[in-house]
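Please look over the sequence and the model first.

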Amino acid sequence: MFTTLNLQSLGGLIAIVAACWLMSENRARFPWRLTLGAIGVQALLVLALFAIPGSQGVLAAVTGAVDGLAIATSEGTKFVFGFLAGGDQPYAVTNPGGLFTFAFNVLPLILVISALSALLWHWKILKWITLGFGFLFQKTMGLGGASALAVAANIFLGMIESPIVIRAYLDKLTRSEIFLMMVVGLATVAGSTMVAYASILSATLPNAAGHVLVASIVSAPAGVLLARIIIPEKPGEGGAVADYGSALKYDSAIDAIVKGTADGLMVVLNISAVLIVFVALVALVNIMIGGFWIFGDQVTVQRLLGWLFMPVAWLMGVDWSEAGRAGWLLGTKLTLTEFVAFIELGKIPSGDMSERTRMLMTYALCGFANIGSVGITVTGLSVLIPERREEVLGMVWKALFAGFLATLMTAAVVGAMPASIFG
């Protein structure tokens, strides 16, 4: 049964597409067929993963797998860090909740999943799944083979690892195709962080792992659409054909585990460093503006962003009474990364936020589109295609805009659907 909130989300969907069209480098080449196709693919993927009989059992199995990975990772973390990571405590614990430490309870999951992903890629399991999604995107959205493969790889590998998969074709990609790859990279998350987000939300959101997995998959078509609207492909260009061979290879299973762990360590260090710096910078700004008061409260970056993003949250389908808090979470994601936003979302007690808003925010936050990722994108692509660094620099802020809106578009598509399909 449709409600006014569903219609609200539909209106938000139109507004997001219109905002990207206004930024388009060629407004006359609006991709009508791609727009209908991308939204259709999003809706079909959501229905396939939630509404088809038996799909709930699959999602429950995903949740069980995530829980198992979290337990196994906890054992390894306790072995190395002992009581700091929740092992046997040498003193009486009066506040069990205070034992949670982001560095020991969340980040180690990234190491384990990174190693596991590399192993599954070496065994060709993850590779064939990626190729399957690549074929789907190629046929439904008209992408060239190389672009389709990069988009599919982004769902599981992340915004820097996925270009490595098509490294042999990077110099053949057009400006529009490179922009598309950047946008999709910012609109989705890596498999390693996906599990960490699900772990953070598991206590307050039913089927958290399923929602996070679906969010990353469904945001890929949204990223493709918005990228194509802003920088359309020129007639006769693009469509580089790939033989689906990959530059991402490992010599053996042990080599995959070792290199996957090393790659995961770099991700962990990068996340840790970015969080320290950006949280510190926002705190510094808050100190500088702390002398100003509005409506009886101190002005902070978080409050300002909450007000700025209130109408954006409302357009996604969030009730106006919760739009302030939802807007604050969106602002937190943009400035302090989605990790901090997910942690804050997970802290909100079940009774203080409706299940619909919590679900929509899970989709809206599930992407790498934040200010810190701009630097990561430029650095990564500058190493892979140094001759096109200036081109990348000229498009990266547009890519951030499109990547941020892509996750909002995914949330709007989910919000436009009847709540009954989500169980």
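This is a predicted model: local features need pLDDT of at least 70, side-chain atom pairs count only at pLDDT 80 or more; totals for chains, interfaces and linings use all residues.

Two packed helices are described by the angle between their axes and the distance between the axes. Helix H13 spans residues 301-316, and helix H14 spans residues 320-347. They pack at an angle of about 115°. Their axes lie 6 Å apart. The crossing of H13 and H14 is right-handed. On the H13 side, the contact includes Gln302, Leu305, Gly306, Phe309 and Trp314. On the H14 side, the contributors include Trp320, Ala323, Gly324, Gly327, Trp328 and Thr335. By type, the contact residues of H13 and H14 split into 13 nonpolar and six polar, with no charged residue.

Threonine 332 also belongs to helix H14. Phenylalanine 30 sits elsewhere, in the loop between helix H1 (4-22) and helix H2 (32-50). Are these two residues buried or exposed? The table gives their values.

| Residue | Relative accessibility | Class |
|---|---|---|
| Threonine 332 | 3% | buried |
| Phenylalanine 30 | 15% | buried |

Both count as buried because their relative accessibility, 3% for threonine 332 and 15% for phenylalanine 30, is under 20%.

Contacts complete the picture. Neighbours within four places in sequence are set aside here. Threonine 332 then touches Thr337, Val340 and Ala341. Phenylalanine 30 is in contact with Val17, Trp21, Thr35 and Ile229.

How values were computed: Residues are numbered from 1 along each chain as its sequence is written. Side-chain values use heavy atoms; hydrogens and water are left out. Axes are lines fitted to C-alpha atoms, for helices over the stretch in contact, and angles run from 0 to 180 degrees between N-to-C directions. Helices (H or I, at least four residues) and strands (E, at least two) are DSSP runs, numbered from the N terminus. A crossing is left-handed if the near helix is turned anticlockwise from the far one by less than a right angle, and right-handed if clockwise. Contact means heavy atoms within 4.5 Å. Ala, Val, Leu, Ile, Met, Phe, Trp, Tyr, Cys and Pro count as nonpolar, Asp, Glu, Lys and Arg as charged, and the others, Gly among them, as polar. Buried means under 20% relative accessible area, exposed over 50%, partly exposed in between (1.4 Å probe, protein chains only).
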